[in-house]
Amino acid sequence: MKSLRNIVALFVIAAAGWAMTGCNDTKSYAERLADETKYINAFLADQRVVGAVPEDSVFEVGPDAPYYRLDEDGNVYMQVLNAGDKDKKAKYNDLVYVRFTRYNLEAYDMEKYGDEDVPGFPGGEGNAEDVTYTEQFRYQNFSSSSSYQWGECIQVPLAFLGYGCEVNIVVRSANSRTDEIANVIPFLYNVRYYKSNI
């Protein structure tokens, strides 16, 4: 009986030591935010970056266009691949459909994954190739659950560009989908915007 108590006591001590070691491996929220900045900076270091939106809102367009910082804090950066139809711009409460692929910036590694299609990423996720998977929001109507869920970052390009536009957007977690903010994962989104006919 005494040896069983000793074994149990040793097990409890070992478990407590293991738990304490495990706690030391967990990063604080502040450390995860610092890592997020590091991942975003690593990606943008390989890009041309412009510190503000052009005053005339005329963006360079194409795969070699710069990433424009869209806010003072550097939470969202946008590269315009296609400016869309400037005569057809989004209006408040328009139902907007998006086709997107997103890439986790933590996985960005130009040397390991660089290729012509999507340099620096092992793969993405989203609905860009799956027409059965729809995503939508009501433009600037944040009382709509879909708009609230997506947040403002995904809608920002429509303030400058027309329907049919395609952009790459670098997004900090605090400005990403509301259900993912606590994960502190920055993403690069490739997004195309379409107006609903409904």
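Tutor: The chain has four helices and eight strands, where helices (H or I, at least four residues) and strands (E, at least two) are DSSP runs numbered from the N terminus. Their order from the N terminus is α-α-β-β-β-β-α-β-β-α-β-β. This is a predicted model, in which local features need pLDDT of at least 70 and side-chain atom pairs count only at pLDDT 80 or more, while totals for chains, interfaces and linings use all residues. Residues are numbered from 1 along each chain as its sequence is written, and side-chain values use heavy atoms, with hydrogens and water left out.

Student: What percentage of the 198 residues in the chain is buried?

Tutor: Buried residues make up 38%; the term denotes under 20% relative accessible area, with exposed over 50% and partly exposed in between (1.4 Å probe, protein chains only).

Student: Which residues have the most contacts inside the largest nonpolar core?

Tutor: In soluble globular proteins, nonpolar side chains tend to be buried together. A nonpolar core is a set of buried Ala, Val, Leu, Ile, Met, Phe, Trp, Tyr and Cys residues joined through side-chain atoms within 4.5 Å. Here the largest has 28 residues, and Phe 137, Tyr 189, Val 191 and Tyr 193 have the most contacts inside it. Strands E3 (76-82), E4 (95-104), E7 (166-171) and E8 (187-195) each supply at least two residues of this core; E8 gives the most, with four. A second, separate core of 11 residues includes Phe 43, Phe 121, Val 170 and Leu 188.

Student: How many aromatic pairs does a search of the whole structure find?

Tutor: A pair of aromatic rings is described by the distance of the centres and the angle of the planes. Rings of Phe, Tyr and Trp (its six-membered ring) pair if their centres lie within 6.5 Å; planes under 30 degrees apart count as stacked, over 60 as edge-to-face and the rest as tilted. The search finds six pairs. Phe 59 and Tyr 68 have ring centres 4.9 Å apart and planes at 85°, so this pair is edge-to-face. Phe 59 is buried at 9% relative accessibility, and Tyr 68 is buried at 4%.

Student: Why does the pair of Phe 100 and Tyr 189 count as tilted?

Tutor: Their planes are at 50°, with the ring centres 6.0 Å apart, so the pair is tilted. This pair links distant parts of the chain, with Phe 100 in strand E4 and Tyr 189 in strand E8, 89 residues apart. Phe 100, Tyr 133, Phe 187 and Tyr 189 form one aromatic cluster.
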